[in-house]
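Try each task yourself before reading its solution.

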Amino acid sequence: MVLGDSVAEGRDDPDPAGGWLGWAGRLARRLGVDSGDVLNVSDAGATIEDVVRDQLPAVRAARPRLAVLGCGMNDALNGFEPAAAGARLDEVHGWARDAGAVLLAIPVPRPPLLDRSPISQFRKKRVLQRIALFNIELERAARDFGMAFPARETVTKIADPAMWSSDGIHLSPAGHDYVAEVIEHLAAGMLGERAN
């Protein structure tokens, strides 16, 4: 089960079979999950508010073993209230816990767009602050609900320009593959713990 924005949707990582492959499709392959058993309800431009309002109702009755949340970039770019975002993250984590699923939330990275765009230093600083605040809420929610959250030192490779597409806001195929690799290790560990 995949919830989130255009990066979670797989944008800029074409699937030879049509549509987007993305880290979700790549993760499924790594875990030996048939593509027909993957439900990706992500939507371009989604914020955490959109995830809870529009995506969560569509999957609320589902009982996935693994759910992955990939959002926060749109929140950081457009602004959000940390307390409200935290409450929405709690809703997603609570749904996963009640469904008996392992939920992995992906940290929001610093997009190269910030260094390429002619935005003011003040706005760039504000976006970086929001990214940090959103990641703090992601990490807190994961901790509170007993879920996993990638440690910062495990995702440092995402700063490599090769991990990003030319627009500086979406991941390249190499970036999607890297995210899938990081999630695979965490997911395998958590799913193994649940099985024991």
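This is a predicted model: local features need pLDDT of at least 70, side-chain atom pairs count only at pLDDT 80 or more; totals for chains, interfaces and linings use all residues.

Residues are numbered from 1 along each chain as its sequence is written, and side-chain values use heavy atoms, leaving out hydrogens and water.

**Exercise 1.** Find where histidine 170 lies and list the polar contacts of its side chain with serine 6 and aspartate 167.

Step 1: Histidine 170 is in the loop between α7 and α8; helices (H or I, at least four residues) and strands (E, at least two) are DSSP runs, numbered from the N terminus.
Step 2: With 12% relative accessibility, histidine 170 is buried (under 20% relative accessible area; exposed is over 50%, partly exposed in between, with a 1.4 Å probe and protein chains only).
Step 3: A polar contact is a pair of N or O atoms within 3.5 Å; within protein, one must be able to donate a hydrogen and the other to accept it, and residues adjacent in sequence count only if both atoms are side-chain atoms. The side chain of histidine 170 has one of 2.7 Å with the side chain of serine 6 and one of 2.6 Å with the side chain of aspartate 167.
Step 4: Not counting residues up to four places away in sequence, histidine 170 touches Ser6, Val7, Arg11, Asp12, Trp164 and Ser165, where contact means heavy atoms within 4.5 Å.

**Exercise 2.** Now turn to histidine 93: is this residue buried or exposed?

Step 1: Look in helix α5, where histidine 93 lies.
Step 2: Its relative accessible area is 0%, so histidine 93 is buried.
Step 3: A polar atom of the histidine 93 side chain lies 2.9 Å from the backbone oxygen of leucine 89.
Step 4: Leaving aside residues up to four places away in sequence, histidine 93 touches Leu103, Ala141, Ala142, Phe145 and Met147.

**Exercise 3.** Compare leucine 27 and leucine 31 in helix α2.

Step 1: Leucine 27 is buried, at 4% relative accessible area, whereas leucine 31 is partly exposed, at 29%.
Step 2: Again not counting residues up to four places away in sequence, leucine 27 touches Leu66, Val68, Ala180, Ile183 and Glu184; leucine 31 touches Leu66 and Glu184.
Step 3: Leucine 31 and alanine 188 are 157 residues apart in sequence, yet their C-alpha atoms are 8.0 Å apart.

**Exercise 4.** Which elements do the buried residues of α3 pack against?

Step 1: The buried residues of helix α3 (residues 48-59) are Ile48, Asp50, Val51, Val52, Gln55, Leu56 and Val59.
Step 2: They pack against β1 (2-4), β2 (66-70), α4, α5 and α7.

**Exercise 5.** Classify the ring pair of phenylalanine 80 and phenylalanine 134.

Step 1: Rings of Phe, Tyr and Trp (its six-membered ring) pair if their centres lie within 6.5 Å; planes under 30 degrees apart count as stacked, over 60 as edge-to-face and the rest as tilted.
Step 2: Here the centres are 5.4 Å apart and the planes are at 80°, so the pair is edge-to-face.
Step 3: Phenylalanine 80 sits in the loop between α4 (73-78) and α5 (82-99), and phenylalanine 134 in helix α7, 54 residues apart. Both phenylalanine 80 and phenylalanine 134 are buried.
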